[in-house]
Amino acid sequence: MTHEQQPFNPKRLFFFKDFLDLIFPQNCVSCGRNLFDWELSLCGICKNKLPVSSYHLRPIDNDLTQKLQGLCPVSRCISFLKFSRKGMSQKLLHTLKYRNKPELGRVLGNLFGKTLIETDFAGTWDAIVPVPLHPQKLKRRGYNQSEEFANGIAEVLAISVENCLERRKWTETQTNKSRIERIENVSGVFEIKNTAQILGKNLLLVDDVITTGATLAASATILWENGAKTVDLATIAAGGGY
(Lines give C-alpha, C1' and ligand atoms only; values in the text may rest on other atoms or scores of the structure.)
Protein backbone atom coordinates (compact mmCIF):
# COMPACT_ATOMS: atom_id res chain seq x y z
CA MET A 1 0.00 0.00 0.00
CA THR A 2 1.43 3.40 -1.02
CA HIS A 3 1.61 6.41 1.27
CA GLU A 4 -1.37 8.02 -0.52
CA GLN A 5 -3.47 4.88 0.00
CA GLN A 6 -2.89 4.50 3.73
CA PRO A 7 -6.18 4.69 5.67
CA PHE A 8 -6.87 7.73 7.85
CA ASN A 9 -6.00 7.10 11.48
CA PRO A 10 -7.99 9.37 13.88
CA LYS A 11 -5.54 8.57 16.68
CA ARG A 12 -3.01 10.76 14.90
CA LEU A 13 -5.26 13.79 15.43
CA PHE A 14 -5.56 13.09 19.16
CA PHE A 15 -1.80 12.62 19.39
CA PHE A 16 -1.22 15.92 17.57
CA LYS A 17 -3.70 17.72 19.84
CA ASP A 18 -2.04 16.29 22.94
CA PHE A 19 1.30 17.46 21.61
CA LEU A 20 -0.02 21.00 21.02
CA ASP A 21 -1.64 21.08 24.46
CA LEU A 22 1.72 20.11 25.96
CA ILE A 23 3.55 22.90 24.13
CA PHE A 24 0.72 25.47 24.26
CA PRO A 25 -1.49 24.54 27.23
CA GLN A 26 -4.97 26.08 27.38
CA ASN A 27 -5.38 27.92 30.64
CA CYS A 28 -8.31 29.38 32.52
CA VAL A 29 -8.42 33.12 31.80
CA SER A 30 -9.33 33.80 35.42
CA CYS A 31 -7.10 31.60 37.61
CA GLY A 32 -4.55 30.25 35.11
CA ARG A 33 -5.23 26.55 35.76
CA ASN A 34 -4.80 24.13 32.87
CA LEU A 35 -8.16 23.44 31.24
CA PHE A 36 -9.59 20.01 30.55
CA ASP A 37 -10.47 19.17 26.95
CA TRP A 38 -14.15 19.89 27.56
CA GLU A 39 -13.51 23.30 29.13
CA LEU A 40 -13.25 26.56 27.22
CA SER A 41 -11.84 29.81 28.61
CA LEU A 42 -12.99 29.17 32.20
CA CYS A 43 -12.37 26.19 34.45
CA GLY A 44 -15.23 24.63 36.38
CA ILE A 45 -14.03 26.13 39.66
CA CYS A 46 -14.06 29.68 38.29
CA LYS A 47 -17.44 29.17 36.63
CA ASN A 48 -18.82 28.34 40.06
CA LYS A 49 -17.18 31.48 41.48
CA LEU A 50 -18.67 33.86 38.89
CA PRO A 51 -20.34 36.83 40.64
CA VAL A 52 -23.71 36.14 39.03
CA SER A 53 -26.27 38.87 39.63
CA SER A 54 -29.98 38.40 40.30
CA TYR A 55 -31.21 41.08 37.90
CA HIS A 56 -32.96 38.39 35.84
CA LEU A 57 -35.12 37.62 38.87
CA ARG A 58 -36.31 41.23 39.06
CA PRO A 59 -35.96 42.53 35.48
CA ILE A 60 -38.58 45.28 35.50
CA ASP A 61 -37.98 47.13 38.77
CA ASN A 62 -34.30 47.41 39.63
CA ASP A 63 -31.59 50.06 39.80
CA LEU A 64 -30.72 49.55 36.12
CA THR A 65 -34.24 50.25 34.87
CA GLN A 66 -34.39 53.23 37.24
CA LYS A 67 -31.13 54.51 35.78
CA LEU A 68 -32.57 54.39 32.26
CA GLN A 69 -35.91 56.00 33.07
CA GLY A 70 -36.19 59.26 31.19
CA LEU A 71 -33.53 58.21 28.68
CA CYS A 72 -35.57 55.59 26.78
CA PRO A 73 -38.82 53.62 27.22
CA VAL A 74 -37.18 50.64 28.89
CA SER A 75 -39.19 47.73 30.25
CA ARG A 76 -36.61 45.13 31.31
CA CYS A 77 -32.92 45.57 32.02
CA ILE A 78 -30.75 42.70 33.19
CA SER A 79 -27.07 41.86 33.66
CA PHE A 80 -25.24 38.57 33.99
CA LEU A 81 -22.49 39.54 36.45
CA LYS A 82 -22.10 41.96 39.33
CA PHE A 83 -19.33 44.41 38.48
CA SER A 84 -16.74 45.26 41.11
CA ARG A 85 -13.50 47.15 40.63
CA LYS A 86 -10.46 44.85 40.79
CA GLY A 87 -12.88 41.95 41.11
CA MET A 88 -13.43 38.88 38.94
CA SER A 89 -15.93 40.59 36.64
CA GLN A 90 -13.59 43.47 35.85
CA LYS A 91 -10.75 41.04 35.10
CA LEU A 92 -12.97 39.04 32.73
CA LEU A 93 -14.16 42.17 30.92
CA HIS A 94 -10.58 43.40 30.51
CA THR A 95 -9.49 40.00 29.21
CA LEU A 96 -12.39 39.84 26.78
CA LYS A 97 -11.79 43.31 25.38
CA TYR A 98 -8.02 43.65 25.38
CA ARG A 99 -6.47 40.17 25.46
CA ASN A 100 -7.80 38.83 22.15
CA LYS A 101 -10.18 36.36 23.80
CA PRO A 102 -13.42 36.57 21.77
CA GLU A 103 -14.32 33.01 22.80
CA LEU A 104 -14.70 34.22 26.39
CA GLY A 105 -17.62 36.41 25.31
CA ARG A 106 -19.36 33.41 23.77
CA VAL A 107 -18.76 31.31 26.90
CA LEU A 108 -20.24 34.02 29.13
CA GLY A 109 -23.17 34.33 26.73
CA ASN A 110 -23.78 30.57 26.86
CA LEU A 111 -23.80 30.63 30.65
CA PHE A 112 -26.16 33.61 30.76
CA GLY A 113 -28.42 31.99 28.17
CA LYS A 114 -28.74 28.89 30.35
CA THR A 115 -29.61 31.10 33.31
CA LEU A 116 -32.31 32.81 31.25
CA ILE A 117 -33.73 29.47 30.14
CA GLU A 118 -33.90 28.32 33.76
CA THR A 119 -35.87 31.46 34.70
CA ASP A 120 -38.49 31.16 31.93
CA PHE A 121 -37.13 33.73 29.47
CA ALA A 122 -37.33 31.23 26.58
CA GLY A 123 -39.46 32.68 23.80
CA THR A 124 -39.26 36.23 25.17
CA TRP A 125 -37.25 37.69 22.28
CA ASP A 126 -37.21 37.25 18.51
CA ALA A 127 -33.61 38.38 18.05
CA ILE A 128 -30.57 39.81 19.82
CA VAL A 129 -28.92 43.07 18.74
CA PRO A 130 -25.36 43.80 19.90
CA VAL A 131 -24.23 47.38 20.43
CA PRO A 132 -21.72 47.96 17.60
CA LEU A 133 -18.16 49.21 17.73
CA HIS A 134 -16.92 51.96 15.45
CA PRO A 135 -15.42 50.33 12.29
CA GLN A 136 -11.94 51.59 13.15
CA LYS A 137 -12.09 50.11 16.65
CA LEU A 138 -13.54 46.86 15.28
CA LYS A 139 -10.69 46.60 12.78
CA ARG A 140 -8.12 47.24 15.50
CA ARG A 141 -9.61 44.76 17.99
CA GLY A 142 -10.68 42.17 15.42
CA TYR A 143 -14.05 41.43 17.01
CA ASN A 144 -16.92 43.05 18.88
CA GLN A 145 -17.07 41.73 22.44
CA SER A 146 -20.79 42.52 22.69
CA GLU A 147 -21.47 40.53 19.51
CA GLU A 148 -19.58 37.54 20.90
CA PHE A 149 -21.68 37.72 24.07
CA ALA A 150 -24.82 37.98 21.92
CA ASN A 151 -23.77 34.94 19.88
CA GLY A 152 -23.39 32.90 23.07
CA ILE A 153 -26.86 33.83 24.33
CA ALA A 154 -28.41 33.25 20.90
CA GLU A 155 -26.96 29.72 20.67
CA VAL A 156 -28.77 28.72 23.85
CA LEU A 157 -32.04 30.58 23.18
CA ALA A 158 -32.04 29.41 19.53
CA ILE A 159 -32.70 32.89 18.12
CA SER A 160 -30.84 35.07 15.63
CA VAL A 161 -28.30 37.83 16.13
CA GLU A 162 -29.09 40.89 14.04
CA ASN A 163 -26.21 43.30 13.40
CA CYS A 164 -28.60 46.02 12.32
CA LEU A 165 -27.03 48.92 14.19
CA GLU A 166 -24.12 50.94 12.86
CA ARG A 167 -21.89 53.32 14.80
CA ARG A 168 -21.25 56.16 12.37
CA LYS A 169 -19.33 58.55 14.61
CA TRP A 170 -16.16 58.06 16.63
CA THR A 171 -16.85 58.89 20.27
CA GLU A 172 -14.43 59.82 23.00
CA THR A 173 -14.10 57.43 25.91
CA GLN A 174 -16.94 57.67 28.42
CA THR A 175 -14.52 57.32 31.33
CA ASN A 176 -14.53 60.29 33.73
CA LYS A 177 -17.46 61.93 31.95
CA SER A 178 -20.55 63.06 33.83
CA ARG A 179 -23.96 61.54 33.08
CA ILE A 180 -24.96 64.53 30.94
CA GLU A 181 -21.63 64.49 29.09
CA ARG A 182 -22.03 60.76 28.37
CA ILE A 183 -25.51 61.32 26.94
CA GLU A 184 -24.25 64.15 24.73
CA ASN A 185 -21.23 62.04 23.69
CA VAL A 186 -23.45 59.32 22.10
CA SER A 187 -26.11 61.62 20.65
CA GLY A 188 -26.58 60.86 16.95
CA VAL A 189 -23.93 58.14 16.99
CA PHE A 190 -26.06 55.15 15.92
CA GLU A 191 -27.98 54.43 12.73
CA ILE A 192 -30.05 51.51 11.43
CA LYS A 193 -28.65 49.55 8.51
CA ASN A 194 -31.77 47.52 7.74
CA THR A 195 -35.15 48.17 9.38
CA ALA A 196 -36.54 44.88 8.02
CA GLN A 197 -34.34 43.02 10.51
CA ILE A 198 -36.17 44.51 13.51
CA LEU A 199 -39.62 45.60 12.32
CA GLY A 200 -42.29 44.39 14.75
CA LYS A 201 -39.83 42.23 16.69
CA ASN A 202 -39.16 41.82 20.40
CA LEU A 203 -35.45 42.54 20.76
CA LEU A 204 -32.76 42.01 23.37
CA LEU A 205 -30.10 44.72 23.04
CA VAL A 206 -26.76 43.70 24.57
CA ASP A 207 -23.56 45.48 25.54
CA ASP A 208 -20.55 44.58 27.68
CA VAL A 209 -21.15 46.87 30.64
CA ILE A 210 -23.57 49.55 31.81
CA THR A 211 -22.52 52.66 33.71
CA THR A 212 -24.86 55.62 33.19
CA GLY A 213 -26.81 53.77 30.50
CA ALA A 214 -26.23 56.46 27.87
CA THR A 215 -24.92 54.11 25.16
CA LEU A 216 -27.68 51.53 25.66
CA ALA A 217 -30.35 54.24 25.77
CA ALA A 218 -29.13 55.80 22.52
CA SER A 219 -29.05 52.39 20.80
CA ALA A 220 -32.46 51.35 22.15
CA THR A 221 -34.06 54.62 21.05
CA ILE A 222 -32.91 54.10 17.45
CA LEU A 223 -34.40 50.58 17.46
CA TRP A 224 -37.74 51.82 18.79
CA GLU A 225 -37.85 54.69 16.32
CA ASN A 226 -37.33 52.23 13.46
CA GLY A 227 -40.12 49.80 14.24
CA ALA A 228 -39.02 47.43 17.00
CA LYS A 229 -41.99 46.21 19.04
CA THR A 230 -40.09 46.02 22.34
CA VAL A 231 -36.46 46.42 23.34
CA ASP A 232 -35.06 44.89 26.52
CA LEU A 233 -31.49 45.50 27.64
CA ALA A 234 -28.79 43.13 28.89
CA THR A 235 -25.09 43.45 29.70
CA ILE A 236 -22.26 41.17 30.71
CA ALA A 237 -21.75 43.13 33.92
CA ALA A 238 -23.24 45.98 35.92
CA GLY A 239 -22.60 47.59 39.25
CA GLY A 240 -25.50 47.83 41.65
CA GLY A 241 -27.39 46.10 44.37
CA TYR A 242 -28.56 42.94 42.61
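Residues are numbered from 1 along each chain as its sequence is written, and side-chain values use heavy atoms, with hydrogens and water left out. As the model is predicted, local features need pLDDT of at least 70 and side-chain atom pairs count only at pLDDT 80 or more, whereas totals for chains, interfaces and linings use all residues.

Student: In what order do the five strands of the open sheet lie?
Tutor: Strands are DSSP runs (E, at least two residues) and helices likewise (H or I, at least four), numbered from the N terminus. Two strands pair if DSSP finds at least two bridges between them. The pairing in this open sheet is parallel, and the order is β1-β7-β6-β2-β3.

Student: Which are the edge strands?
Tutor: An edge strand here pairs on one side only. The edge strands are β1 (77-82) and β3.

Student: Which residue of β6 is the bridge partner of Pro 130?
Tutor: Strand β2 (residues 127-130) is joined to β3 (residues 160-161) by two bridges, with Ile 128 partnered by Val 161. With β6 (residues 202-210), β2 pairs in the parallel sense over four bridges. There the partner of Pro 130 is Val 206.

Student: Are the residues on the two faces of β2 buried or exposed?
Tutor: In a regular strand the side chains alternate between the two faces of the sheet. Buried means under 20% relative accessible area, exposed over 50%, and partly exposed in between, with a 1.4 Å probe and protein chains only. Ala 127 and Val 129 on one side, and Ile 128 and Pro 130 on the other, are all buried.

Student: How are α5 and α7 oriented to each other?
Tutor: Axes are lines fitted to C-alpha atoms, for helices over the stretch in contact, and angles run from 0 to 180 degrees between N-to-C directions. Helix α5 (residues 102-118) and helix α7 (residues 145-157) pack at about 40°, with axes 6 Å apart. Angles under 35 degrees count as roughly parallel, over 145 as roughly antiparallel, 65 to 115 as roughly perpendicular and the rest as oblique. The two helices, α5 and α7, are therefore oblique.

Student: Why does Pro 132 count as buried?
Tutor: Pro 132 is found in the loop between β2 and α6 (135-141). Beyond its neighbours within four places in sequence, Pro 132 is in contact (heavy atoms within 4.5 Å) with Asn 144, Leu 165, Glu 166, Arg 167 and Phe 190. Pro 132 counts as buried because its relative accessibility is 9%.
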